[in-house]
Amino acid sequence: MILELKNIEKSFGEKKVLTGVSFKAEGGKAFGLLGRNGAGKTTSIRILMDVFPANSGEVLIDGQPIDYNKIGIGYLPEERGLYPKKIIIDQLTYFAELKGMSRKAAIQSIDYWLDRLGMTEYRNKRLDTLSKGNQQKIQLITALAHDPDIVILDEPFSGLDPVNAMLLKDVVKEQIAKGKIVLFSSHQMSYIEEFCDSIAILKNGVVALHGDLHDIKRDYPRDRLVVRTENPDAILSDFGTACTVMEDGALRIQLASADEKKAVMTRLVENYDIDEVKVFEPSLNDIFVEYAGDGAKEV
Amino acid sequence: MKQFGKILKFELKYYLKNKVFVGVTVFLVLLIAAVMFFPRITAMFEEDNTVDVGDIGNVEIGDEQNQDDLPVMLIKAEEAELAEMVRETFAAAFNGYNVQITDSAIDDVKSTITAGEAECAFVLTSPIEYIYYVNNLSMYDSNAAMADEMLRHLYQTNALVQSGLTAEEAGDIMNIFVSGSVESLGKDQMENFFYTYIMIFALYMVILLYGQMVATNVATEKSSRAMEVLITSAKPTSMMFGKVIASCLAGLIQLVAVFGSALVFYNLNKSYWGGNMIIDSIFNIPTELFVYMLVFFILGFLIYAFMFGAVGSTASKLEDINTSVMPITLLFIIAFIVVMTSMSSGNVDNTLMKVASFIPFTSPMAMFTRICMSTVPLYEILISIAILIGSTVGIGVISAKIYRVGVLLYGTTPKLGAILKAVWKA
C-alpha cells in the first residue's frame, strides 16, 4: 500500500500554509515527516486525515483517491489529552466505537493493548489518576486499538522514560512488520534515524527535501573527511582553514573536491598519528539543520 | 449516523452519571414533594389543635381582645356627627382595622402614626375631602381608594335622604348589584397565565443552565486536548448534533422527573389541595397547548444550545467561556424580559410580541405565550414553527462549521468576523 500526497495547497485566510506539498509513504516502512515548529506538519497530517480539505491537491492510496470509510487511520496527536475525569475503559471504548468498531470487538482489542502495554491495572480508573507517561500509553491505545492501516505518531517518544520508550519502539516495529504505513513526526532525530526509511522535510509549507534517507545521505558530496587523532595540533596547523574541530573532538577536513579523497586520506595516514579516518556522512540532525534551519538552502 | 448515535449515548451518559445533575434533580423532586405534601402536613397539625374552629364568626365580632390586636386606624373630623358616621362605615368596610375616632391635633395624630401606635389616619376636612396619613405607604395599600368609595357612597346616600327618600330606599339604590357572567370566546388569560409562566420560566432556566453546560463541555474537550483525537474520529456535525441533542434529552429527562413527580405527588394529595385554582390550571393544560409547549421548548432549547456549543468551541480556556457566552445570554434575557413584560401587562398581542413571535431567537417564548394567552391564527403558528425549525437546522449546521474551525484554534479567542470568514471559506 502506498500513501501519496500530491500537490497539496492550503491557506488559512490570507496565510498560505502549504505550497505544493507532495510526498509518498510506503506500507511496511516508516516515514518521517520533519520540519520546524510551524512548518506545516500538523496541517499536512490534518489534511491527510480529512479534518479539513485542502484548497487543491489529492490524497491517494495506491493511486486512487483515499476512501476514509475503508482506510483506517490511527492518530497520536502531539497535543496529548483525553477526558481526564472519565474511566479509561469507557473512553477508550468510545473512541474505538467512533472509529467504527463494534462494542465487543473494541473492548477485546483494548484489553489486548492494555495488557500489551502493562496497563491492565488501570482499566477501571480515571485518566487523571495516572502519571503523564501512563496517560501517554493510554493515548497510544486510541491510535492503535482499531487496527488502522495508517498509523500517524506525532512526537510519540516525548515524555516517555527509557523503559517505556523501548516498549513503544517494539510496538512501532511490530506495526511496521504488519505492513502498515507508519508516519512519524518528531523533532527527536535519533528516533527518526532509527526507524524511518524515508523522510520529507517541510520548511515554510514547502517540501525542502524528500526521499530515501539512505540515498539522501549517499547523495551528499563525499568531499569531507572525519579524522580521529590524539595529536590534532599538527593536522590543524597544516590544513589551516580547511580543518575544523567538531563537537565530539574529531577533526573535519573539507576537501577541494571529492576526487582528492584518496590522496588526502593516504597523506593523513602516512604523515600523522591517526586513530581513524573516514568520509563524513551527515547525520539526520545535520541534514535537518541544513534544510530546515534559518540559513537553509533555498529550494 | 452511527457515529451520531454513539456520541449521543456517550454524552447522555455523561449527564446521567454526573453527580451534580443527579443531585439537582433529586433535590428538585424533594422540593416538589415538600410543596405538594404541604397542605396534608399542615392539615395534620390543624387536626391536633381543633379548638372552636366552627365559631369563626363569633371570634370576629364578639371578641374584644381580638379587636385590640388589630392595627389602629384613626378618624378625625371637625364635626362629631360626621366622624361617627365615617367610623361606622369604615369599621364595616375595613375589617382588618380597629377604627377609632380621635380628637387630638393633627401633629399628635402624625406622631402617633410615626411612633407606630396607630397605623394610619383619615383626617376629614369635609365629607368628601380628607388627608390620608400613613407611616410607610405600601405598594399594595388600597385604603385610600376604598375610603374614596366609602365616602362617595356615604355622601350620595345622604344626598338622596336629603332630597326626600327614606334611608332604606336610598340604601337600596346605592347598593344595587349588577349580575353578569363572562364567557371568553378566545383564551382565558387568567387560567392560562400560570402554565405559560411556568413554561417560560422553565425554558429560561433550562436554556441558560444547559447552554452553559454545552459550552463548558465543548471547551473542556478542547482545553484537555481530547478534541485532537475526537475531531479526527468523528464528523464535526455528528459531534455538535450529538452533544446538543444529548443535552436536550438530559434537560427533558430532568423536567419529566420534576413535573412527573409533581403530578404524582399532586394526585396523592389532591383532596388536601381542595381545588386550588392555580394548581388545577397547571395540571389541566389542554393537550394541544402541551404539544405546542413541547415543540417550542425543544426547538428553543436546540437553537440556543447550538449557539452555546459554537461559542464554547472558540474558547481556548474554560475561563473564557463566561465572557464568550455573554452576547447569547443577553439576547436571551432580552427575549425573556419582552415576553414577561407583555405577559404581565395582559396585552400579549402588541407589535413587539408579534414581531418577536417570528424571530427564531424569541419565538419559542413569544409565540407560545401568544398561543396560550390570546387567539393566534393557525397559519401564523405554523409559519413561526417553520421559521424556527429552518433556523434551528441552519444554526445547527453553521455551529458545526464554527465548531470545526473553532476547536482547532488555540490562543486568543478569535473575533466573530474572523471565524465567520474562516467558516465561509472552509
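In what order do the four strands of the open sheet in chain A run? The order is β12-β13-β11-β14, and the pairing is antiparallel. This is a predicted model.

The edge strands are β12 (243-245) and β14 (274-279) of chain A, and each of them pairs on one side only. From one strand to the next, the twist averages 25 degrees. Helix α8 (residues 232-239) of chain A packs on this sheet. It touches β11, β12, β13 and β14 of chain A. The direction of α8 makes about 20 degrees with that of β13(A).

A further helix, α9 (residues 261-271) of chain A, lies across β11, β13 and β14 of chain A. It runs at about 175 degrees to β14(A).

Inside the sheet, β11(A) pairs with strand β13 (residues 251-254) of chain A. Four bridges join them in the antiparallel sense. A:V227 has A:L251 as its bridge partner in β13(A).

Strand β11 (residues 224-229) of chain A also holds A:R224. Is A:R224 buried or exposed? It counts as buried because its relative accessibility is 17%, and the cut-off for buried is under 20%. Its contacts, not counting residues up to four places away in sequence, are A:R252, A:I253, A:Q254, A:K278, A:V279 and A:F280.

## Strand β9 of chain A and its partners

Strand β9 (residues 196-203) of chain A is mostly covered. Seven of its eight residues are buried. Strand β3 (residues 30-35) of chain A runs parallel to β9(A), and six bridges join the two. Here A:G32 has A:I199 as its bridge partner.

β9(A) also pairs with strand β10 (residues 206-212) of chain A. These two run antiparallel, again joined by six bridges. A:S198 is partnered by A:D212 in β10(A). β9(A) and β10(A) form a hairpin with two residues between them. In the turn, A:N204 has a positive phi of about 50 degrees.

## Nonpolar cores

Which residues touch the most other members of the largest nonpolar core? They are A:F184 and A:I199, in a core of 166 residues. Helix α14 (residues 287-314) of chain B gives the most to this core, with 16 residues.

## Helices of chain B

Helix α9 (residues 189-223) of chain B has 35 residues. From its first C-alpha to its last it reaches 49 Å, close to the 51 Å expected at 1.5 Å a residue. Just after α9(B), B:R225 takes a positive phi of about 65 degrees.

Helix α19 (residues 378-406) of chain B contains B:S391. This serine counts as buried because its relative accessibility is 18%. A polar atom of its side chain lies 2.5 Å from the backbone oxygen of B:I387. Leaving aside neighbours within four places in sequence, B:S391 is in contact with B:I303, B:P360 and B:G396.

## Positive phi in chain A

Two further residues of chain A belong here. A:N7 is not a glycine, yet has a positive phi. It lies in strand β1 (residues 2-12) of chain A. A:D147 is not a glycine either, and its phi is also positive. Its place is the loop between α4 (132-144) and β7 (150-154) of chain A.

| Residue | Phi | Relative accessibility | Class |
|---|---|---|---|
| A:N7 | about 50 degrees | 47% | partly exposed |
| A:D147 | about 50 degrees | 48% | partly exposed |

Why does A:N7 count as partly exposed? The reason is its relative accessibility of 47%, since the partly exposed class falls between the buried limit of 20% and the exposed limit of 50%. A:D147 is partly exposed too, because its relative accessible area is 48%.

Note on methods: Residues are numbered from 1 along each chain as its sequence is written. Chains are lettered from A and ligands numbered from 1 in the order in which they are written. This is a predicted model: local features need pLDDT of at least 70, side-chain atom pairs count only at pLDDT 80 or more; totals for chains, interfaces and linings use all residues. Side-chain values use heavy atoms; hydrogens and water are left out. The expected span of a helix is 1.5 Å times one less than its number of residues. Buried means under 20% relative accessible area, exposed over 50%, partly exposed in between (1.4 Å probe, protein chains only). Contact means heavy atoms within 4.5 Å. Two strands pair if DSSP finds at least two bridges between them. Axes are lines fitted to C-alpha atoms, for helices over the stretch in contact, and angles run from 0 to 180 degrees between N-to-C directions. A polar contact is a pair of N or O atoms within 3.5 Å; within protein, one must be able to donate a hydrogen and the other to accept it, and residues adjacent in sequence count only if both atoms are side-chain atoms. A nonpolar core is a set of buried Ala, Val, Leu, Ile, Met, Phe, Trp, Tyr and Cys residues joined through side-chain atoms within 4.5 Å.
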